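Look at the sequence and the model below.

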Amino acid sequence: MKCILNLNIKGISNIRFSCGEQEYNFCGEEKTEIAFDIPEPGIYDIKITQIPTEKYTVIDWLVCFLASIAELAFEIFTSSCNFKWQKEVVPYCFCTTVKIQMTGDRKIDVDICDSEFKGVWQYPKIKIKNISGENISTVYSLNERDFKNAKIHNIIKLSILILPLSAFFVLAVISYILSKSVLQLLIVSLVLALFIGFYVFQINKIKKSYSKEILAAKNKLNNIQNKVK
């Protein structure tokens with residue numbers, strides 16, 4: 001016998017499907033099929049698990065740095081530069097257990113849409129067709145590493161934007177000190193101070209926003225867990 005999962009997955013690139021000792025990893029296709037071999041009639045559990053974001057390696061951060069340069073250049077060119085890191089975050093992961101009665105070949109449609117930020121944090125949407133609700137249970141967890149990665153990514157973007165300009169003005173200040181032009185020195189120093197002030201202000205803004213939003217995501221998760229209890 002075979003249990004075939006017909007998948008329609010949007011926005012998620014790393015999901016594990018398992019039934020007994022059989023295991024498949026989903027790697028980003030929007031639609032595909034997964035077939036489990038079922039040895040004999042009976043009741044079986046199929047687990048669908050979204051794998052949490054992992055900590056970046058040095059190579060990952062290098063790629064992130066290079067991608068940030070390209071991203072920032074494009075945003076400046078299109079006048080769309082922003083540091084709203086929330087849109088990058090996948091806030092929640094899920095683990096869904098589906099209990100199925102197998103008496104012969106069976107096909108199940110599975111629709112999954114990733115969690116995201118829409119003014120508030122949204123849970124992923126999991127829809128299992130042809131299975132009654134009492135045979136489906138889902139547990140959510142906070143994808144905290146994705147919050148941290150998004151925050152650091154935006155700090156990198158901000159640093160790429162501000163620090164080279166600040167370095168240029170530092171050199172200009174040194175040059176004007178050597179030339180002993182007091183007025184020019186004051187002007188360049190003022191511009192440098194404005195750049196540094198803007199940088200510090202934006203860093204603090206990102207950090208405060210991160211603390212606020214991750215707390216909101218945790219509170220929402222606690223609320224649904226308390227309701228389940």
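**Salt bridges, cysteines and a pocket**

By the rule used here, the count of salt bridges comes to 6. The structure is a predicted model.

One of the salt bridges joins the side chains of K107 and E33, at 3.1 Å from N to O. K107 belongs to strand β7 (residues 106–113) and E33 to strand β4 (residues 31–37), so this pair ties together parts that are 74 residues apart in sequence. K107 has a relative accessible area of 46% and is partly exposed. E33 is partly exposed too, at 45%.

Another salt bridge is formed by the side chains of D45 and K99, at 3.0 Å from N to O. This pair also links distant parts of the chain: D45 is in strand β5 (residues 42–50) and K99 in strand β6 (residues 92–102), 54 residues apart. D45 counts as partly exposed, with 34% relative accessibility, and K99 counts as partly exposed with 38%.

The side chains of K118 and E116 form a salt bridge as well, at 3.4 Å from N to O. K118 is exposed because its relative accessible area, 52%, is over 50%. E116, at 31%, counts as partly exposed.

How many disulfides does a search of the whole structure find? The search finds 0.

The largest pocket has a volume of about 190 Å³. Its lining consists of 13 residues, and S13, N14, Q50, I51 and T53 are those nearest the centre of the pocket. Sorted by class, the lining has 5 nonpolar, 6 polar and 2 charged residues.

How values were computed:
Residues are numbered from 1 along each chain as its sequence is written. This is a predicted model: local features need pLDDT of at least 70, side-chain atom pairs count only at pLDDT 80 or more; totals for chains, interfaces and linings use all residues. Side-chain values use heavy atoms; hydrogens and water are left out. A disulfide is a pair of cysteine sulfur atoms within 2.5 Å. On a 1 Å grid over the protein atoms alone, a cavity is a set of points where a 1.4 Å probe fits but cannot get out, and a pocket is an open set with protein on both sides within 12 Å along at least five of seven lines; lining residues have an atom within 4 Å of a point. Grid points are joined across faces, edges and corners, and a volume is the space filled by probe spheres set on the points. Ala, Val, Leu, Ile, Met, Phe, Trp, Tyr, Cys and Pro count as nonpolar, Asp, Glu, Lys and Arg as charged, and the others, Gly among them, as polar. A salt bridge is a side-chain nitrogen of Lys or Arg within 4 Å of a carboxyl oxygen of Asp or Glu. Helices (H or I, at least four residues) and strands (E, at least two) are DSSP runs, numbered from the N terminus. Buried means under 20% relative accessible area, exposed over 50%, partly exposed in between (1.4 Å probe, protein chains only).
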